[in-house]
Amino acid sequence: MTGVPASAAGGSPAGASHRAEGQGLGAVEGQGPDTAASAAGPERDPAEATGRPGPAGQAADQELDAADLAGRALGADEGLGAVDAAAAGEDKAADDRDAGRPARGGKLAAAAVNQASVWNVANLLTMLRLILVPGFVALMLADGGYDPAWRSFAWAAFAVAMITDLFDGHLARTYDLVTDFGKIADPIADKAIMGAALICLSALGDLPWWVTVVILGRELGVTLLRFWVIRYGVIPASRGGKLKTLTQGVAVGMYVLALTGWLASLRFWVMAAAVVLTVATGLDYVKQAIVLRRRGMAERRAALEEKQA
């Protein structure tokens, strides 16, 4: 009888070892998922093994990136909106300036500044000079207008008014206190006190009426000339005009006082000098007004021709 080989019967040690390994693998493969996992060791995340996020991690990262981009886009839009709003405000203000329209609230601010600046030293001196006018007239005409004591008080009021006239304009220009009120009230106060003194003196017979007419007529004429050429420029005050004002003040002050003797004769010559300066400076103002008007008209004509060309 033929025998079975040892290798087929499994008698060799090598075959036994191979069978043992096959049984072990079969046992492992025959176990369930949990048993297999426990046999293979703890489960590892693919991301840990490869260093790259898995599908779930990639989805989460993509969602975070999308949210971050949306937030940045929203912040950028808000920032651009704020920038656009600021730029639009600046453009609106520039358009208002170009069109000559005051900025919003500009009128109120300017009015507040002007109103606050009215009550300054220069304007207060001007107001004092205006208040002194009726007081001077009352003192000048008191007791018939010929009492030396009352005339002395009237001279004091006139002197204070003339001194304030010298200081208010200087203070306004030096300390930047020029206001619209001062521009209007200052010349009115000057002419009011001088006109009141001249009229009172002529009414009392101390000064000829023609002198009063010449001086007051010159002052009124110069004022009208200034308004006539104001669209072309401003006629500046000349040194002759300042000297005229000083001479007029001294002469009128001397006539207000009840002077006698050589002082009475001196005041006549001082008043004569004041009249001459009044006429001469008046003619100079007329000349300046004509030249200023002609130059202004020529410049306007040239500008119009250039625009048409």
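Guide: Gladly! Let us begin with a definition: accessible areas come from the Shrake-Rupley method with a 1.4 Å probe. On that basis, the accessible surface of the protein chain comes to about 20,600 Å², and 65% of it belongs to carbon and sulfur atoms. Please keep in mind that this is a predicted model.

Visitor: What kinds of elements does the protein chain have, and how many?

Guide: The protein chain has 12 helices and zero strands. Read from the N terminus, its elements run α-α-α-α-α-α-α-α-α-α-α-α. Of its 309 residues, 27% count as buried. As for contacts with a separation of 6 or more, 72% are between residues 24 or more positions apart.

Visitor: What makes Arg129 count as buried?

Guide: Buried means under 20% relative accessible area. Arg129 has 0% relative accessibility, so it counts as buried.

Visitor: How do you know that Arg129 and Asp165 meet in a salt bridge?

Guide: Side chains of opposite charge can pair when their charged atoms come close. The cut-off is a side-chain nitrogen of Lys or Arg within 4 Å of a carboxyl oxygen of Asp or Glu. For Arg129 and Asp165 the value is 3.9 Å, N to O, so the pair qualifies as a salt bridge. Arg129 lies in helix H7 (residues 121–140) and Asp165 in helix H8 (residues 148–174), so this pair ties together parts that are 36 residues apart in sequence.

Visitor: Is Asp165 buried or exposed, and which residues does Asp165 contact?

Guide: Asp165 has a relative accessible area of 16%; buried means under 20%, so Asp165 is buried. Leaving aside neighbours within four places in sequence, Asp165 is in contact with Arg129, Asp186, Asp190 and Thr245.

Visitor: Why is the pair of Arg129 and Asp168 called a salt bridge?

Guide: Their closest N and O atoms are 3.0 Å apart, and the limit is 4 Å, so the name applies. Arg129 is in helix H7 and Asp168 in helix H8, so the pair ties together parts 39 residues apart in sequence. Both Arg129 and Asp168 are buried.

Visitor: What about Arg129 and Asp186: what makes that pair a salt bridge?

Guide: The N to O value for Arg129 and Asp186 is 2.7 Å, which is within 4 Å, so this pair is a salt bridge as well. It links distant parts of the chain, with Arg129 in helix H7 and Asp186 in helix H9, 57 residues apart. To put the picture together, Arg129, Asp165, Asp168, Asp186 and Asp190 are linked in a network of salt bridges. The structure holds seven salt bridges.

Visitor: Why is the pair of Phe268 and Trp269 called edge-to-face?

Guide: A search of the whole structure finds three aromatic pairs. The ring centres of Phe268 and Trp269 are 5.3 Å apart, and pairing needs centres within 6.5 Å, so the rings pair. Their planes are at 80 degrees; over 60 counts as edge-to-face, so that is the name.

Visitor: What lies over the face of Tyr255?

Guide: Arg267 does, at 4.6 Å from the ring centre. The distance limit for a charge over a ring is 6 Å, so 4.6 Å falls within it.

Definitions and conventions. Residues are numbered from 1 along each chain as its sequence is written. This is a predicted model: local features need pLDDT of at least 70, side-chain atom pairs count only at pLDDT 80 or more; totals for chains, interfaces and linings use all residues. Side-chain values use heavy atoms; hydrogens and water are left out. Rings of Phe, Tyr and Trp (its six-membered ring) pair if their centres lie within 6.5 Å; planes under 30 degrees apart count as stacked, over 60 as edge-to-face and the rest as tilted. A charge sits over a ring if NZ of Lys or CZ of Arg is within 6 Å of the ring centre and within 35 degrees of the ring normal. Helices (H or I, at least four residues) and strands (E, at least two) are DSSP runs, numbered from the N terminus. Buried means under 20% relative accessible area, exposed over 50%, partly exposed in between (1.4 Å probe, protein chains only). Contact means heavy atoms within 4.5 Å.
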